[in-house]
Amino acid sequence: MFKNKMPDGKLNIAGAKVAKFRMAMPGKVSQNGLAKLLQLEGLDVNKNAIQQMESGQRFITDIELKVLAKVLDVSVNELLSD
């Protein structure tokens with residue numbers, strides 16, 4: 001049987017790290033600010049998508065994960081680690 005959710009019901013394991021690294025960016029980048037930075041990299045997301053990712057209410061695709069890591073200046077492994 002496939003698992004699509006974590007035991008706590010979240011749909012991704014990177015959301016909390018995305019929020020942590022976003023807040024650590026110079027100037028405490030907002031969710032809207034992060035969405036704009038991702039759009040500059042060609043990823044079509046908005047503030048609501050960022051909020052859903054960070055809260056675990058939305059899956060994060062591999063492509064999104066790669067661009068998030070680039071914009072946040074961290075590795076994909078850092079986003080996926082516990």
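Student: Which residue just after α3 takes a positive phi?

Tutor: Gly56 does, with a phi of about 85°. The model is predicted: local features need pLDDT of at least 70, side-chain atom pairs count only at pLDDT 80 or more, and totals for chains, interfaces and linings use all residues. Residues are numbered from 1 along each chain as its sequence is written, and side-chain values use heavy atoms, with hydrogens and water left out.

Student: What caps the N-terminal end of α3?

Tutor: Polar contacts are the thing to look for: pairs of N or O atoms within 3.5 Å, where, within protein, one must be able to donate a hydrogen and the other to accept it, and residues adjacent in sequence count only if both atoms are side-chain atoms. Here the cap is Asn46, with a side-chain oxygen 3.0 Å from the backbone nitrogen of Asn48.

Student: Which residues of α3 are buried?

Tutor: Buried means under 20% relative accessible area, exposed over 50%, and partly exposed in between (1.4 Å probe, protein chains only). In α3, residues 47-55, the buried ones are Ala49, Ile50, Met53 and Glu54. They lie on the same side of α3, because they cover an arc of only 130° around the axis; the arc is that of the directions from the helix axis to the C-beta atoms. Their cover includes α1, α2 (31-40) and α4 (62-72).

Student: Is Asn12 buried or exposed?

Tutor: Asn12 counts as buried because its relative accessibility is 9%. The residue lies in the segment before α1 (15-24). A polar atom of the Asn12 side chain lies 2.9 Å from the backbone oxygen of Met53, and a polar atom of that side chain lies 2.7 Å from the backbone oxygen of Arg58. Contact means heavy atoms within 4.5 Å. Leaving aside neighbours within four places in sequence, the contacts of Asn12 include Gly56 and Ile60.

Student: How many salt bridges does a search of the whole structure find?

Tutor: A salt bridge is a side-chain nitrogen of Lys or Arg within 4 Å of a carboxyl oxygen of Asp or Glu. The search finds three. One joins the side chains of Glu54 and Arg22 at 2.7 Å, N to O. That pair links distant parts of the chain, with Glu54 in α3 and Arg22 in α1, 32 residues apart. Both residues are buried.

Student: Which residue forms a salt bridge with Lys70?

Tutor: Glu41 does, with the closest N and O atoms 2.9 Å apart. This pair also links distant parts of the chain: Lys70 is in α4 and Glu41 in the loop between α2 and α3, 29 residues apart. Lys70 is exposed, with a relative accessible area of 56%, while Glu41 is partly exposed at 38%.

Student: Which side chain meets that of Arg58 in a salt bridge?

Tutor: That of Glu64, at 2.8 Å, N to O. Arg58 is partly exposed at 22%, and Glu64 is buried at 8%.

Student: Which residues of the largest nonpolar core touch the most other members?

Tutor: In soluble globular proteins, nonpolar side chains tend to be buried together. A nonpolar core is a set of buried Ala, Val, Leu, Ile, Met, Phe, Trp, Tyr and Cys residues joined through side-chain atoms within 4.5 Å. Of the 22 residues in the largest one here, those touching the most other members include Leu34, Ile50 and Leu79. Helices α1, α2, α3 and α4 each supply at least two residues of this core, and α4 gives the largest share, six residues.

Technical notes. Helix = DSSP H or I, 4+ residues; strand = E, 2+ residues; numbered from the N terminus.
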